[in-house]
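Thanks for coming. I will go through two interfaces in one model, starting with the one between the chains. Please look at the sequence and structure first.

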Number of protein chains: 2
Amino acid sequence: MARAALSPDAVVDLGLRIVDEEGPEALTLSAVAGRAGVATPSLYKHVRNLAELRVLVSGRVMGELAEVASEAVLGRSGDEALRALMDGWRSYAARHPHRYSAMIQSPRPETAETGDRLVGIILAALRAYGLEGQAAIHAVRCLRAAMHGFALLEAAGAFQLAEDLDESYALLARMVVSGLRAAGER
Amino acid sequence: MARAALSPDAVVDLGLRIVDEEGPEALTLSAVAGRAGVATPSLYKHVRNLAELRVLVSGRVMGELAEVASEAVLGRSGDEALRALMDGWRSYAARHPHRYSAMIQSPRPETAETGDRLVGIILAALRAYGLEGQAAIHAVRCLRAAMHGFALLEAAGAFQLAEDLDESYALLARMVVSGLRAAGER
DNA sequence: CGTATTCGGCTAATAGTATTAGCCTTTGAG
DNA sequence: CTCAAAGGCTAATACTATTAGCCGAATACG
């Protein structure tokens, strides 16, 4: 191997920094090259193209989120696990709003594994509710939709009124819990 | 006035067609110009720039969604109104997935009015639940997050498993209903 | 050691998009 | 009929992405 310098991971690191500081639209090869102190075409030695960089960045974010989510669920169960998962999810998004928005939701082969991991964690958080088979899938979808919708809207600044967002989120959590209880009892 | 030909509205129409057919990333001034049979710079006579076109397109979509939502809520109340609102919302997003994804959630002055209208409609759909003041705001936020999250994920094809999406959405609706009942009783 | 290979940078060139400036024709108002 | 302005056009500039091909340095190895 030649010089250490850049690497695909290092390029993704710089990409994440740009996303954090200037938003997902600012993630551009020339911006990354600028930060790396390198000419733009040099990046192609590490990354296939801009589209792939976006996917790699997105995959990294999904991985971080999965880490947070898994940490939250570990050692807890029932309502407590669910609350911890939801809080961890939201707080990650709030800590890194641009990063969160840079996550690609359309399925890609490159992030399929991490995506499955994330779904598995959500599923695990719901274990105590006694949902079997299909019911569990529906529940995961609803929970994911609720968390994702809230996180995105909050990250975008779409909730403009002064009311406390923590309280709004607490209500969302109560909705999910009561809905899951009802679903588990059928 | 000179020739009829183009107009800001016509430009937005073409933009919507492009969004529908090729996705929001394909919304480009040169693409619009191509469809309009006009040179790209000519569009600047009707629209300030690409950013403004995006906002105008987004505003149009929000307006359509508000139309659908208002239609759904009119003449209904309680669970029925809520179900109709949720179904209308999702079905709009399912009918026009790209369009739905092109909606800008970050608040812009140009779409503030339509956005407020939309929030007002959601609020109206919740009227029967007896939520007062802040509680109503929290409820609107949760409902919005749930609908938006589900719509976005479905539009992105993020729900990959075979389980029926209608059933998943029905569960989401039950979650919301039970959560609102609980919230209204406090 | 010395040398061949390859890694990882560079420059040059092409292509697509946004945007501005300034021209020119048609049209509608008077 | 005239003329001002609306609305189109071309030319030019500035990015950005991407490809091709060059070249030096580090590495592997005979």
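Chain B and chain A touch through 39 residues from chain B and 39 residues from chain A, where contact means heavy atoms within 4.5 Å. This is a predicted model, in which local features need pLDDT of at least 70 and side-chain atom pairs count only at pLDDT 80 or more, while totals for chains, interfaces and linings use all residues. Residues are numbered from 1 along each chain as its sequence is written, chains are lettered from A and ligands numbered from 1 in the order in which they are written, and side-chain values use heavy atoms, with hydrogens and water left out.

The size of an interface is often given as the accessible area lost when the parts come together. For chain B and chain A the buried area is about 3,500 Å², with 69% of that from carbon and sulfur atoms. Buried area here is the accessible area (1.4 Å probe) that two parts lose on being put together, summed over both.

What does the polar side of this contact look like? There are 13 residue pairs in polar contact between chain B and chain A, both residues at pLDDT 80 or more. A polar contact is a pair of N or O atoms within 3.5 Å; within protein, one must be able to donate a hydrogen and the other to accept it, and residues adjacent in sequence count only if both atoms are side-chain atoms. Salt bridges between the two chains number 0; the rule asks for a side-chain nitrogen of Lys or Arg within 4 Å of a carboxyl oxygen of Asp or Glu.

Now the second interface, inside chain A. The domain assignment gives domain 1 (7-47) and domain 2 (60-184) of chain A; such bounds come from an automatic or database domain assignment. Taken over C-alpha atoms, the centres of these domains of chain A are 29 Å apart. Together the two domains of chain A bury about 650 Å², 57% of it on carbon and sulfur atoms. On the domain 1 side, A:Leu16, A:Asp20 and A:Pro24 lose the most area to domain 2 of chain A, together 64% of what that side buries.

How many salt bridges cross between domain 1 and domain 2 of chain A? The rule finds 3.
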